[in-house]
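Thanks for making the time this morning. I would like to walk through one model with you, taking a few of its elements in turn, so please have the display open.

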Amino acid sequence: MTPSRIFILRPVATTLLMVAVLLVGWVAFLQLPVSALPEVDYPTIQVVTFYPGADPEVMASSVTSPLERQFGQVPGLSQMTSTSSFGSSVITLQFNLDQNIDVEEQQVQAAINAG
C-alpha cells in the first residue's frame with residue numbers, strides 16, 4: 001500500500017488536512033515580523049572643529065573645505081556631510097558597511113594630520 005493510496009481513498013480527510021495545513025500556514029505568516037528596511041548601523045565618524053569668533057563663511061572656507069578635500073581621499077567613504085556655524089563646524093563621514101571603523105578612524109586621523 002502506497003502513501004498516496006490512503007489520500008485517494010479518503011478525499012474528505014485529505015481536504016480537511018489540506019485546509020488545516022493552509023490555516024496553520026496563514027496564521028504563521030501573519031505572525032512574521034516584516035520590516036520595509038532593515039536597521040543597519042553604518043560606520044560613521046564625526047569631526048568637530050572650533051575656531052572661536054569665526055563666522056560661518058570663514059569656517060567653511062578656511063576649516064571645513066580643506067578638511068573635506070582631505071577626507072574625500074579616504075578609501076571606503078560613501079557619504080560626507082558638513083555644516084558650518086559661528087565658531088564651529090561638524091563634518092560627518094559615513095563609510096561602506098564592509099569597512100572596519102578602527103581602520104577608518106586611523107585614516108581620518110592621518111588625513112587631519114596631513115591637512
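Let me begin with helix α4, where the face turned away from the buried side carries the exposed residues Gln-106 and Asn-113. Please keep in mind throughout that this is a predicted model. The helix takes in residues 101-114, and its 14 residues reach 20 Å from the first C-alpha to the last, close to the 20 Å expected at 1.5 Å a residue. Which residues of α4 are buried? They are Glu-104, Val-108 and Ala-111, and, seen down the axis of α4, they fall within an arc of 60°, so they line one face of the helix. Those buried residues pack against β1 (44-50), α3 (56-71) and β3. At the start of α4, meanwhile, a side-chain oxygen of Asn-100 comes to within 3.1 Å of the backbone nitrogen of Asp-102.

Staying with β3, that strand covers residues 88-95 and includes Gln-94, which counts as buried because its relative accessibility is 19%, and buried means under 20%. Beyond its neighbours within four places in sequence, Gln-94 is in contact with Tyr-42, Pro-43, Thr-44, Leu-77, Ser-78 and Gln-79.

Trp-26, for instance, is exposed, with a relative accessible area of 52%. Trp-26 and Phe-29 sit three residues apart in α2 (residues 11-31), and are therefore separated by about one helical turn.

How values were computed:
Residues are numbered from 1 along each chain as its sequence is written. This is a predicted model: local features need pLDDT of at least 70, side-chain atom pairs count only at pLDDT 80 or more; totals for chains, interfaces and linings use all residues. Side-chain values use heavy atoms; hydrogens and water are left out. Helices (H or I, at least four residues) and strands (E, at least two) are DSSP runs, numbered from the N terminus. Buried means under 20% relative accessible area, exposed over 50%, partly exposed in between (1.4 Å probe, protein chains only). Contact means heavy atoms within 4.5 Å. The expected span of a helix is 1.5 Å times one less than its number of residues. The arc is that of the directions from the helix axis to the C-beta atoms. A polar contact is a pair of N or O atoms within 3.5 Å; within protein, one must be able to donate a hydrogen and the other to accept it, and residues adjacent in sequence count only if both atoms are side-chain atoms.
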